[in-house]
Amino acid sequence: MSIFKYIPKNIQGYSMNNIFAVYYHEKVIDHYENPRNVGSLDKTDKRVGTGLVGAPACGDVMKLQIKVRDIQVDEQGRIEDAKFKTFGCGSAIASSSLATEWVKGKTIDEALQLKNTDIAKELCLPPVKLHCSMLAEDAIKAALSDYRIKQQNAQKELEEVNNTKMNE
Amino acid sequence: MLNIHYFIKPVLYIYNSPLILSTKRIKLIDYKSYCLYKFEIVAHETLESLYEYFEDLITENEHLSDSDTTFNNGVLTVNFGSPIGMYVINRQLPNEQIWLSSPISGPKRYDYLKSTDTWVYKHNNQSLHQLLQSEISNILRKNVDFFVCKHSGKYCL
């Protein structure tokens with residue numbers, strides 16, 4: 001029975017199912033030709049969270065950085081700037097670029113709500129490239145958790161300083 | 001995943017001579033290549049048995065006559081046509097994972113668990129065959145049994 005696998009399904013001509021035409025969607029091309037928010041932020045700054053996801057062997061690496069407004073200035077802590085650098089296919093670049101666009105102006109809790117399905121729908125990603133949108137969502141979550149950890153460490157330092165002052 | 005045996009432990013890999021099938025040859029390879037070779041075998045068996053099951057499903061169901069399935073180079077695609085969409089299941093060698101892209105639930109990555117002989121998504125501990133079982137039975141609206149496929153965990157083959 002397994003021999004039948006190798007006989008083409010439509011012998012008379014090319015079956016439309018076998019011609020696999022793949023074109024990049026114009027939104028993906030737009031993000032590639034008109035890059036927005038490409039670059040780096042100062043990772044030592046306490047208001048900056050950095051997310052680095054992916055592996056070169058798999059084909060995609062994304063670095064996404066967010067800068068949050070000072071809590072003294074803005075209580076809700078809105079994201080005022082976001083930058084990305086991506087090594088990978090056009091869909092990966094477009095997904096991370098779109099993620100930086102969407103994350104600007106949102107609070108941290110709102111940014112955590114971003115789903116890979118929204119990114120994939122907006123860019124009309126084909127099934128094979130859905131993993132790129134998931135990687136972009138992971139990059140946002142990694143950047144936000146890095147920011148949270150930095151804030152917790154900064155608070156601990158403040159408490160320690162206050163404790164030493166009180167003991168003196 | 002870094003294991004010191006990758007660097008130290010050599011493995012004697014015994015295989016059939018391609019020309020004279022009765023003789024065996026021995027090759028000395030490193031442990032990492034051996035692990036990757038074992039993963040390739042398991043992944044290939046999983047995908048091939050899924051491909052055969054999908055092919056049978058498509059030929060048995062008349063209303064699926066527009067659907068198509070292909071398996072090349074470790075990439076299995078099952079196209080149900082619009083409005084359902086296309087499933088893409090492929091092996092990812094560097095991670096030793098199987099990646100699934102479902103038109104219903106999106107992308108997922110599965111790791112192989114030797115103890116239960118299943119491919120498991122670590123975020124919700126659900127296996128690949130369990131997900132296919134629930135989604136495909138909803139699409140086809142009939143009973144399917146993905147657990148007859150290899151490395152699905154339920155039946156011992």
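The report takes chain A and then chain B.

The model is predicted, so local features need pLDDT of at least 70, side-chain atom pairs count only at pLDDT 80 or more, and totals for chains, interfaces and linings use all residues. Residues are numbered from 1 along each chain as its sequence is written, chains are lettered from A and ligands numbered from 1 in the order in which they are written, and side-chain values use heavy atoms, with hydrogens and water left out.

**Chain A**

Chain A has five helices and three strands, in the order α-β-β-β-α-α-α-α from the N terminus. Helices (H or I, at least four residues) and strands (E, at least two) are DSSP runs numbered from the N terminus. Of its 168 residues, 37% are buried, that is, under 20% relative accessible area with a 1.4 Å probe and protein chains only. The accessible surface of chain A is about 10700 Å², and carbon and sulfur atoms hold 53% of that; areas come from the Shrake-Rupley method with a 1.4 Å probe, and for residues only the protein chains shown count as cover.

The strands of chain A form an open antiparallel sheet in the order β1-β2-β3. Because β1 (48-55) and β3 (79-87) of chain A are at the edges with a single partner strand each, one side of each has no neighbour in the sheet. Neighbouring strands are turned by 10° against each other on average, direction ignored. Helix α2 (residues 90-103) of chain A packs on this sheet, touching β2 and β3 of chain A, and its direction makes about 175° with that of β3(A). Contact means heavy atoms within 4.5 Å; axes are lines fitted to C-alpha atoms, for helices over the stretch in contact, and angles run from 0 to 180 degrees between N-to-C directions. Helix α5 (residues 130-167) of chain A lies across β1, β2 and β3 of chain A at about 145° to β1(A). In the sheet, A:L64 stands opposite A:F84 in β3(A).

**Strand pairs**

Strands pair if DSSP finds at least two bridges between them.

| Pair | Bridges | Sense |
|---|---|---|
| β2 (residues 60-68) and β3 of chain A | eight | antiparallel |
| β3 (residues 68-72) and β4 (residues 75-79) of chain B | five | antiparallel |
| β4 and β5 (residues 86-92) of chain B | five | antiparallel |

**Chain B**

β3(B) and β4(B) form a hairpin with two residues between them, and B:N73 in the turn has a positive phi of about 55°. B:F71 has B:L76 in β4(B) as its bridge partner. The hairpin of β4(B) and β5(B) has six residues between the strands, with a positive phi of about 75° at B:G81 in the turn. There, B:V78 stands opposite B:Y87 in β5(B).

Methods: Buried < 20%, exposed > 50% of the residue type's maximum accessible area, 1.4 Å probe, protein only.
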